[in-house]
Amino acid sequence: MSKKRRAEAHVRLYRHELECEAYRSLSTDARALLVEFRALYDGRENRVHMSIREAMRRLGVGRWRAEKALYELSDRGFIRLMEPGGFSRKVRHATVYALTNEPLEDRDGATAPKDFMRWHQKSTVLVASTDGVSDQHREHSEKPQKAPHGVGDQHRNGPKPETHGVGDQHTDRLPGGLPAAGGMKT
């Protein structure tokens, strides 16, 4: 007789979720955090505890990137805030989220809301990167894109300011008749 093996814990991402506009717009940090959220879901109660520190630890990133990933998941509709965390109780507690791909406890429990399937990108333009490797979504704005760091409106090798009246004149002697480094006194 064969024993029934209990299914191993796993995370499931369906093709329709991977192909939806909301998932495609997520950063890699947010995608990784979504997998972590789903790994924490136990299949019974749709309450996942996740603090900023826990998100930082699980992703191996700093506070700013962890907060951004949490914001993206919430904005796109993958998670929903159920109970904010804080230090106001005697025992500190993490923020409680619900996954929207599972039925919520405050609803009838029959269907999952799947808010991410109704999310549509707002006023964005697909911009090819300068190296041609990948495309990025950027918000459309009327003002032109900022030039790369260190490049202004003028050419790098533009006119140089004159210093102490010397101008473009080259001298191999320092004031007072001393030779410049490597030069010989004549």
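Of the 186 residues in this protein, 22% are buried, where buried means under 20% relative accessible area, exposed over 50% and partly exposed in between, with a 1.4 Å probe and protein chains only. The model is predicted, so that local features need pLDDT of at least 70 and side-chain atom pairs count only at pLDDT 80 or more, while totals for chains, interfaces and linings use all residues. Residues are numbered from 1 along each chain as its sequence is written, and side-chain values use heavy atoms, with hydrogens and water left out.

The secondary structure comes to 5 helices and 5 strands, these being DSSP runs numbered from the N terminus, with helices (H or I) of at least four residues and strands (E) of at least two. Along the sequence they follow the pattern α-α-α-β-α-α-β-β-β-β. If contact is taken as heavy atoms within 4.5 Å, then among contacts between residues at least 6 apart in sequence, 45% join residues at least 24 apart.

An α-helix has 3.6 residues a turn, so residues three or four places apart point the same way.

The axes of α3 and α5 are 9 Å apart and pack at an angle of about 75°, where axes are lines fitted to C-alpha atoms, for helices over the stretch in contact, and angles run from 0 to 180 degrees between N-to-C directions. The two helices α3 and α5 are therefore roughly perpendicular to each other, since angles of 65 to 115 degrees count as such, under 35 as roughly parallel, over 145 as roughly antiparallel and the rest as oblique. Their contact is made by Asp29, Ala30, Leu33, Leu34 and Phe37 of α3 and by Arg65, Ala69, Leu70, Glu72 and Leu73 of α5.

Helix α4 also packs against α5: their axes come within 9 Å and cross at roughly 105°, which makes α4 roughly perpendicular to α5. Here the contact is made by Ile52, Ala55, Met56 and Leu59 of α4 and by Arg63, Ala66, Glu67, Ala69 and Leu70 of α5.

Arginine 76 belongs to helix α5, which covers residues 63-76, and is buried, with a relative accessible area of 12%. Leaving aside neighbours within four places in sequence, arginine 76 is in contact with Ala22, Ser25, Leu26, Asp115, Phe116 and Trp119. After α5 comes glycine 77, whose phi is positive, near 95°.

Further along, leucine 81 is found in strand β2. Leucine 81 and tyrosine 97 are 16 residues apart in sequence and 4.6 Å apart in space, C-alpha to C-alpha. Not counting residues up to four places away in sequence, leucine 81 touches Thr95, Val96 and Tyr97.
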